[in-house]
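Visitor: I am new to this structure and would like a short tour. Could you show it to me, please?

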Amino acid sequence: MMKRLLLTALSTALIHTAKAQFADSFDSATVMPLQEFMSLVLKHHPVAKQAALIPQEGRARRMMAKGSFDPVAFYFASGKDFSDKQYYRYQDGGVEFFTYPGVKFNATWSTAGGDFLNPESNMPVGGLLALGADIPVLRGLLTDQRRLALKQANLFNRYSVHMQRRVLNDLLFEAISDYWMWSLRYAEYVMREKFVEVARQRFQLVKSAFLNGDLPAVDTLEAYILVQSREIATEQARALLNDARLKLSNHLWSPEGQPVELSWFAIPQLLNQPVEFPVPFDSILNISFEFTRINPESQLLDYQVRLLEVERNFLRNELLPKFNIKYNFLTEQFGFWAGEEVIIAPNNYKFGVDISVPLFLRRERSALKINELRLTEARLNRDNRQTALFRRMQQEAFLLENQFEQIGLVRSNKDNFYELLRIEQRKFQIGESSLFLVNAREVQAIDAELLYLQLLHRYQTSIASFFRAAGLLYTYQPEL
C-alpha cells in the first residue's frame, strides 16, 4: 500500500515538476510574439516589398499620362540647291501647348526663300509669326485619347492602395496561419516531453516496486510499453515542430534581403484562452456597413467597372464626326529680334476646317458594343463577387463566435478528464484500481489537452481569417 501511495504521489509531483521546468525554459528562451513577427514580415519579406512598389507604379503611370499634355517645341528646315541655283529654303519652328479641355494652342515662326519658291509660300524677309489654336468641336470635345489615358492612370493610382492591401492581406494571412501552427506544434511537443518524463519516472518506480515484490511483472512491461509509446509520440511531435519551424522560416528575411532560418531556441507566443471576444460587436456592424468601401477585393472589382465606364465614354465620343477648327493670327516679324512690339492685325490670319466621318461607323459601333458587353459582365461579376465576399465575412464572424463559445466547454471537458485522472490515482492509492486504468485515464487527459490546444489554434487562425475576409488584416493588432 505504501508503495502504491508513493508511486501515485511521485507521479503527481512529476507533472507539477514538468510544468515548472517548462515555465523556466519559457522564461529563458527567446520569445517571438506574433506582433513582432508580423512587423518583420511587413518590413523585410520580398512580397511586402513588391506590394510597396504598386503605389509607386500608380504615381509613375499618372505622371506618364500627364506627360502627354507637356508643351512640345519643334523645328523643321529643308532646302534645295541645284546647278548653282537655290531653289528654296524653308524653316518652321515653334511651340505647341496641349490643354485638358482638348484645345491645342501653338506659336509658330516660319521663314521661306529661294529662286523657285512656291508663290503661296512667299513670306516677309523677317519671317512670319503665327499664334493660334486647334479646337475640336464634336469628336474630341469632351474626351480624347490623352484624357482617356489620364483618367485610366488616375484610376490605377487611386486603386493601387487597394492592390497593395490585397497582397498584404494574403501575405499576412499565410504568415499568421504558419505562426499559429508553429505555436500549436510547440505546445504539443512540450506536452509530449512532459508526459514522457512522467512515464519514465513511473517506470522506474514500478520497476522498484516489482523488485520489492509489491507489483507483478506485467506492470513493469505495461509501464515500459507506455514509455516507448510516449517517446514515439514525442519524436513525431518533434518532427512536426521542425516542419512548422522551417515553414515559418519562409516568411523571415533579413534587412539585406537574405532568407533567415528560425532558431530552435525561439519559441512562439503561447496559445492562451481568450478573456474577451477579439472583435467588438460595434466594429462588426461598422465593417458590415462599410464593407464594399474598405474591402480591397471589393474595391478592385469596382475598379474594373470604372475602367470600362471611362472607356465607354471615350468610345461614344468616337461616334461623332471629326470637326476641328484651326485659326492662327499672323504678323510680320520686321524688328522682332530687335525687341520691338509685335502687332497682330485682325485681318491677317490663317483659317482651316477639318471634317471627316466614316460612312458606316462599323468599327466604332462594334468597339462600343464590345465595351458595353464587357461592362455588363464586369458589373454582374462585381455584384456576385461582392455578395460572396460579404457572406464569407459573415461566415468567418459566426465561426469565430462559435469557436469562442466552444473554448470554455472544451476547457471544462479537459479539466474534467484531469479530475478523472486524479480520482483514478486516489483509487489506485487504496487498491481499488490498477496501473492500466491510471494509464488509460492519463491517455484520455492527453487527448483532451490536445483537443483543447487544437481548438485554440483554430480560434487564433479564425481571427486572422475574419480580418482577411473583411480586408483589414494589415491593420490587425494581435494581443500579446
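**Helix packing and selected residues**

Guide: Helices H4 and H10 are roughly antiparallel to each other. Their axes cross at roughly 170 degrees and come within 9 Å. Please bear in mind that this is a predicted model.

Visitor: Which classes of residue make up the contact of H4 with H10?

Guide: The contact of H4 with H10 has 16 nonpolar, eight polar and seven charged residues.

Visitor: How confident is the prediction, by mean pLDDT of the chain?

Guide: The chain has a mean pLDDT of 87, and 91% of its residues reach 70 or more. In residues 1-28, however, the pLDDT is below 50. Beyond near neighbours in sequence, that stretch has 33 contacts in the model.

Visitor: What about H5 and H10, at what angle do they pack?

Guide: Helix H5, residues 217-249, packs against helix H10, residues 435-470, at an angle of about 15 degrees, and their axes are 10 Å apart. That angle makes H5 roughly parallel to H10. The crossing of H5 past H10 is right-handed.

Visitor: Which residues meet there?

Guide: From H5, the residues are Asp219, Glu222, Ala223, Leu226 and Arg230. They meet Leu435, Phe436, Asn439, Glu442, Val443 and Ile446 in H10. By class, the contact of H5 with H10 divides into six nonpolar residues, one polar and four charged.

Visitor: Is Val218 buried or exposed?

Guide: Val218, which is found in helix H5, has a relative accessible area of 53% and is therefore exposed.

Visitor: Let us move to helix H9. Where is Ile407, and is it buried or exposed?

Guide: Ile407 is found in helix H9. With 1% relative accessibility, Ile407 counts as buried.

Visitor: Which residues does Ile407 touch?

Guide: Leaving aside residues up to four places away in sequence, Ile407 touches Gln273, Pro274, Tyr452, Leu455, Leu456 and Tyr459. Ile407 and Leu456 are 49 residues apart in sequence, while their C-alpha atoms are 7.2 Å apart in space.

Visitor: And Val190, buried or exposed?

Guide: Val190 has its place in helix H4. Val190 is buried, its relative accessible area being 15%. From Val190 to Glu405 the C-alpha distance is 26 Å, and the two are 215 residues apart in sequence.

Visitor: A change of topic: what is phi for Ser83?

Guide: Phi of Ser83 is near 55 degrees, which is a positive value in a residue other than glycine. Most residues other than glycine have a negative phi. Ser83 lies in the loop between strand E2 (72-82) and strand E3 (85-98). Its relative accessibility is 51%, and because exposed means over 50%, Ser83 counts as exposed.

Visitor: And what is phi for Leu361?

Guide: Leu361, a residue other than glycine, has a positive phi near 55 degrees. Leu361 lies in the loop between strand E8 (349-356) and helix H9 (362-429).

Visitor: Is Leu361 buried or exposed?

Guide: Leu361 counts as buried, at 18% relative accessibility.

How values were computed. Residues are numbered from 1 along each chain as its sequence is written. This is a predicted model: local features need pLDDT of at least 70, side-chain atom pairs count only at pLDDT 80 or more; totals for chains, interfaces and linings use all residues. Side-chain values use heavy atoms; hydrogens and water are left out. Axes are lines fitted to C-alpha atoms, for helices over the stretch in contact, and angles run from 0 to 180 degrees between N-to-C directions. Helices (H or I, at least four residues) and strands (E, at least two) are DSSP runs, numbered from the N terminus. Angles under 35 degrees count as roughly parallel, over 145 as roughly antiparallel, 65 to 115 as roughly perpendicular and the rest as oblique. A crossing is left-handed if the near helix is turned anticlockwise from the far one by less than a right angle, and right-handed if clockwise. Contact means heavy atoms within 4.5 Å. Ala, Val, Leu, Ile, Met, Phe, Trp, Tyr, Cys and Pro count as nonpolar, Asp, Glu, Lys and Arg as charged, and the others, Gly among them, as polar. Buried means under 20% relative accessible area, exposed over 50%, partly exposed in between (1.4 Å probe, protein chains only). pLDDT is the predictor's confidence in each residue, from 0 to 100.
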